Amino acid sequence: MIESPAVRPPRTGVARGRELRASLGANPLLTVGGALVLLIVLVAIFAPLIAPFPGDAGTATNPFAVLKAPSAAHWFGTDQVGRDIASRVLFGARVSPVIAIIVLVIACLIGVPLGLAAGFLGGWVDEVIMRVTDVFLAFPPLLLALALADVLPASLTSVTIAIAAVWWPWYVRLIRGQAASVAGRPYVEACRALGISRGRIIFRHVLPNSVTPVLVQVSLDVGGVILTASALSFLGLGAQDPVPDWGLMVAQGEGYFTPDWWLVTFPGLAILLTAFAFNLLGDGLRDRLDPRRSFLP
Amino acid sequence: MTGTGRLGISGLQISFGSRQVVSIEELRLGHAEILGLAGESGSGKSMTTLAILGLAHTVGASVSGSITLDGQELAALPQERLREIRGRRIAAIFQSSATAFNPVYRVGTVVTKALRLHGASKSDAADQAAEAMRQVLLSPDLMRRYPSQLSGGQLQRVAIALAVALRAEILLADEPTSALDVTVQAEVLDLLRDLRESVGMSILFISHDLAVVAELCDRVAVMRHGLIVEQGPASRVLAAPAHPYTAELLESVPTLASPL
Amino acid sequence: MLVFVARRIALAVVVVAGVTVVTFVVAHVVPGDPAATWAGPHAPAAAIARARAFLGLNRPFAVQLVSYLGGIAAGNWGVSIHTHRPVLSDLMTAAPASLELVISALVLAIVAGIPLGLLSARRQGRPVDHVVRAGSILGISMPIFWMALILQLVFSQRLKWLPAAGEYSPGLLFSHPLAKRTGFPVIDSVLGGNMPMLGSTLTHLILPAIVVAAYPAGLIARMVRAQVLDVIGDTHVLNARALGFGERQIFGRFAMKLAWTPVTAAIALVFGYSLVNTFLVESIFDWPGLGSYAAASIATLDTPAILGVTLFVAVAYVVANLVVDVVQAAIDPRIRLR
C-alpha cells in the first residue's frame, strides 16, 4: 500500500472558503468557462442596452448602409440589407443558448423517467426501452434532426423539437446506468425487505445520486446542441429572417462571402465562442464534481 | 550482523513538501539475507520501497540521503541508469498482485518483454521466462493466460518469477502475502526461502503481520511513523523486544494460547 | 469469440430493422404528393393516379411499411421519384465521395489526436497540456460549416495555396482521364497510375478533410488523455516502472493499450457524426457525395431518396459500431471474457 499524501484541510467555514478558492484556481477550465458563460448570459440579457443599433436585430433595414466593411461606426460591418452585424450578433446570444436549454430540459423530462424505469425495474421493461434507445442512438443526432426539421415548417420551434427528439436517448442510457447500479446495492435490497415501495426508493436514493452526472452531461451537451441548432439554421430549416440567429446569418452571408467576409466571420465566431465557453464549463464541472467517471463524449 | 552489506540505507529522508514521512538513520540488507520491515499501515514502509527504486517522485515525494547498492550510490544516479537497475538488480513485488499486472497483456508477455528490455534476445527471453515459471512451480503454459484467469497466489508467483528471470540480486517484497489466504501464503513464503537458498537472493520483506515476519525473516526492523524504532536479529527482537512499540505490536498478534 | 461476433451481428440486424421503421414513419410525414412529383409537373389527374398505383401508394400504410422492409432486405431500396433511378444505385454513385472524405478525416484525426492526447497526459499540468486541452475543446466546439468557409477564404482565395472546391481539377479530365473503378478518386488514380490526377485529388482533399477532422481530432485527444491519466495511477504502472520500463513505453504502449477500448468506441461514434458533418460541407466544397444527394432529395421532396440516404447513414453507423465492437474484443480480452 502506497501512502498517499492526502492533506485534508479542516471543514470549517474559513478554511472551506480558502479551499474553494484554491480549487477554482487549480481548475482553470471551470473559472474561464464559467466566466465566459456568464459573459454570454449577461450579453443575452442586456443586449438591447449594449447593442449600438438594437432595431437592426429586428425588422429595421438601412438601404444606404448596405455591405459596409467593419469600421468605427459598425464594428462588425453591415449586412446585405444594411443591418449592423454587431448588434445582430449580440442579440443572437438570446437565441442559441435558449434553444439549448429548452432542448435539454425536454430531453431530461423524457429521458430521466425512462432511464429510471429501465434501470430500476429491469427485466423486459429494460430490454424494450434499451432497444428503442439503441435504434434512436443509431442515428447521428444531426441526421434525424435533419429529417424531422425537414418535415416540419422551418422555424426555431421545429428545430427545438427536432433536436430534443434526438437528444433524449443519451439521458435514458445515463440514468439507466445509475439506476441499475443503485438497484443492485445491498441497502436497496434491505429497503425492499423492509417493505419500502420502489417509488420511494427511486426518489430517495436513485434520483439524488443521478443529479451530478446529469448536471455534468447537460453542461457538456449545451455546446453540442448549439452547434446542431446553428447547423440546422444554416441549412435553412430553422430560424427565418429577421431573427438574428447566428447560423442563419452565416447562411445569408455565404452568398456575399468572398469580398464581404465580415457577414460570415463574426456570427460564426460567436457560435464558436459560445460552444467553446459551455464546453469549458462542462469540462470544468466534470473535473470538479466527478473526475473519475467517464461520460458520454 | 552487518556483513558485506548489499543494500545500504543511511540518513534517508522522504518528504511530501514540508511534511516528512520517513527518516531512516541506518538500514542494511546483506547477501542472502531476509530482512523484515514490520509496522502498521502508514508507517512509511511502502514509501521506503519506492525511494529505493528511485520512484518516489512519481507520487510527488522528495528524497534525500544515501542509498547504496553494493557500494554504489543510487540516489545520485540519473533515471536512465536507474532503469537499468530496476528489475534487473533490484526487483519488487507488491501486495495487490491482481492489479499489478496490466489486464490486457498475457502474463507471459510481461515477463518476456521485461527480459528483452534488459537485453535478452527474443528466443532467450522465451526460454528464460519458461524456466523462471518452473522455478516458481508454475507450468509455463500459464504464461498464455491473462491476469484475470489466474488466482492471486499464481499471480504473486508470476511476479516472483519476474524477479527470478531477471536474476535480481535483491527483492523488495511489499506485503506480498497479505492478500492471500493462509495456505497459499505458506507456499509463497516457501518459495522466497528457496530463492534465498538457491540463488542467494536478498529479500526485504515488508509486512504488518508479525507472525509471518517471525516465520520468515533473519533480521527485523520495526517501523513507526517513518522511524525505525528497533532492529536486530528476529529471534531476539521478537522474543525480547527492547522498544515498547514492538511489544505492543507483538501483543496484538493472536496466538493459540491467548484468550479470545 | 465467434459467439460474441454472432450475437453482435444479430443485435445489429435488429437495430437496423428498427431504424428502417423509424425512418419510414418519419419520411411519410413529408408533405407533398410523391405521385405528383413522379408524374412530373402539369401532369393530368389520370397520370398521377397511374403513378400512385405504380408506386404502390394506394396500399394501406402498414402494407407499404412491410413491403419496404422486405425490399430493403432484398436490396430493393425503392426508386427515386426525382431521378427515376433505383435509389440504391444513386446512393452507390454518391457514397464513395462522402466515404473518401470521412475516412480521410478520421485517419487525420487519429494520427493527430492520439499522439497529442498522449503528450498531454505525459506532461499533465504543464503548458503543453493546457494548450492541447484548449485546442481539443476548440475542435469539438467548431461550427463546421463556418470553419469550411473560413478555411476556403484564407487558403484558397487569399493565399491561393489550395483549391477551393471539387474532388479534382475538371480540366485534368481531358488530359488525364480518370478510369472509374472503385469510385474513390484517390484509389482510382493510384490504380490507374494517373499521377497528375492523384496529385489533384489529394490537394482537393486536404481542406475538406481538415475541416471534417476537427471534431474527431479534438474528441480523440481528449479521450486518450482522460483514459491514460485514469490508468496511470494503477498498480500495474508501478509494476512496470519497477521493472525498469521507461515513461515513454509506459504511456505510449501499456497505458495506451488500455485506452484503445474507449477510444475505438469513440471512433465509431464519431464516424456517424462525421459522415453527417460531411453533408454540411459538401455544398461548400462542391463535393459530389451523399450530402449533395440528400440536399437535392430534400429540395424535390423525393421521399424514397430521403429514406434511402437516412437509412444508408444509419446502417453505415451500425456497421461501424459493429466493426469497432469486434476490434475491441480482439484487442481487449476483458470484453470477450466477460
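Mentor: Let us begin with a single residue. Asp286(C) counts as partly exposed because it has 13 C-beta neighbours inside 10 Å. A residue is buried if 20 or more other C-beta atoms, placed from the backbone, lie within 10 Å of its own, exposed if 12 or fewer, and partly exposed in between. The model is predicted: local features need pLDDT of at least 70, side-chain atom pairs count only at pLDDT 80 or more, and totals for chains, interfaces and linings use all residues. Residues are numbered from 1 along each chain as its sequence is written, while chains are lettered from A and ligands numbered from 1 in the order in which they are written.

Trainee: Where is Asp286(C) found, and what is its phi?

Mentor: Most residues other than glycine have a negative phi. Asp286(C), however, has a positive phi near 55°. Asp286(C) sits in the loop between H12 and helix H13 (290–299) of chain C. Helices are DSSP runs of H or I with at least four residues, strands are runs of E with at least two, and both are numbered from the N terminus.

Trainee: Which loop holds Leu137(B)?

Mentor: Leu137(B) belongs to the loop between helix H5 (122–135) and helix H6 (152–165) of chain B. Its phi is positive too, about 65°, although Leu137(B) is not a glycine. With 13 C-beta neighbours inside 10 Å, Leu137(B) is partly exposed.

Trainee: How many residues of helix H1 of chain B are buried?

Mentor: Nine of the nine residues of helix H1 (residues 45–53) of chain B are buried, so this helix is largely enclosed by the rest of the structure. Among them are Lys45(B), Ser46(B), Met47(B) and Leu53(B). After H1(B) comes Gly54(B), with a positive phi near 75°.

Trainee: How is a whole chain summarised? For instance, how many helices and strands are there in chain C?

Mentor: Chain C has 15 helices and zero strands. Its C-alpha trace spans about 85 × 55 × 35 Å along the principal axes. Of its 338 residues, 47% count as buried. Two residues are in contact if their C-beta atoms, placed from the backbone, lie within 7 Å. Among contacts in chain C between residues at least 6 apart in sequence, 72% join residues at least 24 apart.

Trainee: What are the corresponding values for chain A?

Mentor: Chain A has 11 helices and zero strands. Of its 297 residues, 48% count as buried. Among its contacts between residues at least 6 apart in sequence, 71% join residues at least 24 apart. An automatic or database domain assignment gives chain A domain 1 (28–92) and domain 2 (96–238). The C-alpha centres of these two domains lie 34 Å apart.

Trainee: How many residues of chain C are in contact with chain A?

Mentor: The contact joins 39 residues of chain C to 35 residues of chain A. H12(C) gives the largest share of the chain C side, eight residues. That side divides into 33 nonpolar, five polar and one charged residue. Here Ala, Val, Leu, Ile, Met, Phe, Trp, Tyr, Cys and Pro count as nonpolar, Asp, Glu, Lys and Arg as charged, and the others, Gly among them, as polar.

Trainee: At what angle do the axes of H11(A) and H6(C) cross?

Mentor: Axes are lines fitted to C-alpha atoms, for helices over the stretch in contact, and angles run from 0 to 180 degrees between N-to-C directions. The axes of helix H11 (residues 262–289) of chain A and H6(C) come within 9 Å and cross at roughly 125°. That makes H11(A) oblique to H6(C); angles under 35 degrees count as roughly parallel, over 145 as roughly antiparallel, 65 to 115 as roughly perpendicular and the rest as oblique. The residues making this contact include Leu272(A) and Phe276(A) of H11(A), and Ile137(C) and Leu138(C) of H6(C). By class, the contact has seven nonpolar, two polar and one charged residue.

Trainee: Within chain C, how do the axes of H5(C) and H10(C) cross?

Mentor: The axes of helix H5 (residues 87–122) of chain C and H10(C) come within 6 Å and cross at roughly 35°. Their contact has 26 nonpolar, four polar and two charged residues.
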